[in-house]
Amino acid sequence: MVNVAVISLGCDKNRIDTEHMLYRIVQAGYGISDVNEADVIIVNTCAFIESARQESIDVILSCAELKKSAKVKAIIVTGCLPQKYMGELTEELPEVDAFLGAFEYDKIVGVISNAVDGQKDVAACGDGYEFRAAENCGRLLTTYPHVAFVKVAEGCDNHCTFCAIPSIRGKYRSRTVADIVGEAAGLVKDGVKEIILVAQDVTRFGEDRGENELMQLLDGLENLPLYTIRLLYCYPERVTDDLIERIASSDKIAKYIDIPLQHYSNRILKLMNRRTDGESIERLINKLHNNGIAVRTTFMVGFPSETDDDFNELVSFVERAKIEYAGVFAYSTEDGTAAAKLPGKVTKKVMRERVKALGKACAACTRAFNASLVGNSVDVIYEDVDFDKNMFVGRARFQAPDVDGRVYFKAKTAVDVGSVYNVKITKSDDYDLYGEVTE
């Protein structure tokens with residue numbers, strides 16, 4: 001049997017594409033293995049920012065080293081990196097046997113077959129933005145069996161000046177409500193209890209067809225026997241009072257929302273082509289908190305011409321807003337974006353200092369939030385065991401997989417993966433919670 005290893009880099013949307021590829025690979029009769037046992041290695045790449053591109057290149061080159069000394073017959077590179085840099089990659093990475101763009105995953109089986117036979121298949125690179133509905137085929141989940149990410153749309157129409165996604169993934173294209181609910185229903189039959197909705201902008205869902213359909217989508221999903229529906233990547237200006245009320249009043253939608261804010265300074269937000277301002281952002285966060293909804297966000301520092309005053313505005317906002325979870329990133333110059341042409345580049349040294357300072361402020365907010373939960377009881381879905389801590393591991397509804405903290409707990413009786421337990425929180429630290437299952 002030919003064994004295939006798949007390395008998935010980047011965001012959860014990339015993970016979904018990888019899962020659809022894995023399904024096609026298994027259906028075609030290939031085995032799935034780690035890289036040390038593989039005949040073929042597929043690297044599904046990210047090209048969002050410089051660090052992601054570098055990680056992708058480093059992984060490809062490490063696989064190329066395996067190709068020299070191990071049984072590896074072929075390396076296939078898929079996803080955003082070839083989608084954006086196809087012509088350059090074929091020359092700069094001769095070790096790679098085939099490249100597939102971000103919308104060509106339905107060709108993966110044929111490409112593997114050609115690669116095993118020793119054929120270079122660079123012609124498999126697609127250069128269009130056709131939304132091949134890979135979501136309609138099966139998936140081999142790479143998450144815990146009770147969790148699944150579901151992509152509701154492809155591409156983006158927001159055109160933030162720092163972002164290359166529209167040039168990689170194209171215009172915003174929504175799936176249909178029926179298609180998504182049908183996929184979710186199939187996942188539920190397979191044991192999934194938590195559906196996590198993702199897109200570059202979930203809150204724009206359906207607008208490419210003329211009308212926002214997010215509420216209709218939530219209607220359909222709430223009719224399924226799910227434990228949790230989670231919303232990621234919602235743009236602040238599109239988080240309406242109706243959506244807030246829907247989240248706050250639902251028994252199934254997690255009281256949690258991921259909103260990429262990026263900044264607080266009005267001047268910087270305008271340069272970023274963000275369609276909101278600092279005052280509106282602050283009102284939104286306060287409104288979400290007043291409705292019991294936890295917030296995750298991302299902030300970008302070092303945007304061209306960002307001054308100390310702009311940065312201090314952002315830090316002050318974070319300290320006031322007390323956002324539960326946040327990631328902090330340094331600006332990355334992306335070729336072809338409007339921001340790349342802006343004057344006033346911030347030095348890497350200053351960027352590093354600002355990432356550290358803002359990260360410290362964000363960590364203090366998370367630490368305070370965790371401390372506020374000590375003595376309370378929360379429902380936790382059990383997922384794993386930490387043998388070093390000798391504790392079970394799970395998540396509360398206000399924690400998304402991989403990016404937020406976790407709940408470590410003890411129990412006097414056996415617990416089942418995917419089951420929900422009421423845990424009394426007895427301790428907290430900078431990121432995680434600790435407790436015991438209540439009787």
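**View 1. H1 and H4 lie oblique to each other.** Angles under 35 degrees count as roughly parallel, over 145 as roughly antiparallel, 65 to 115 as roughly perpendicular and the rest as oblique. The model is predicted; local features need pLDDT of at least 70, side-chain atom pairs count only at pLDDT 80 or more, and totals for chains, interfaces and linings use all residues. Numbering starts from 1 along each chain as its sequence is written, and side-chain values use heavy atoms, without hydrogens or water. Helix H1 (residues 12–27) packs on helix H4 (residues 108–116) at about 60°, axes 9 Å apart. Axes are lines fitted to C-alpha atoms, for helices over the stretch in contact; angles run from 0 to 180 degrees between N-to-C directions. Helices (H or I, at least four residues) and strands (E, at least two) are DSSP runs, numbered from the N terminus.

**View 2. Gly 186 sits in helix H6 (residues 177–189).** Gly 186 is partly exposed, at 30% relative accessible area (buried is under 20%, exposed over 50%, partly exposed in between; 1.4 Å probe, protein chains only).

**View 3. Five strands form a closed barrel.** The order is E14-E15-E16-E18-E17, with mixed pairing. Neighbouring strands are turned by 55° against each other on average, direction ignored. Strands E14 (residues 377–386) and E15 (residues 391–396) run antiparallel, joined by six bridges; pairing requires at least two DSSP bridges.

**View 4. Tyr 382 has a bridge partner in E15.** That partner is Gly 394.
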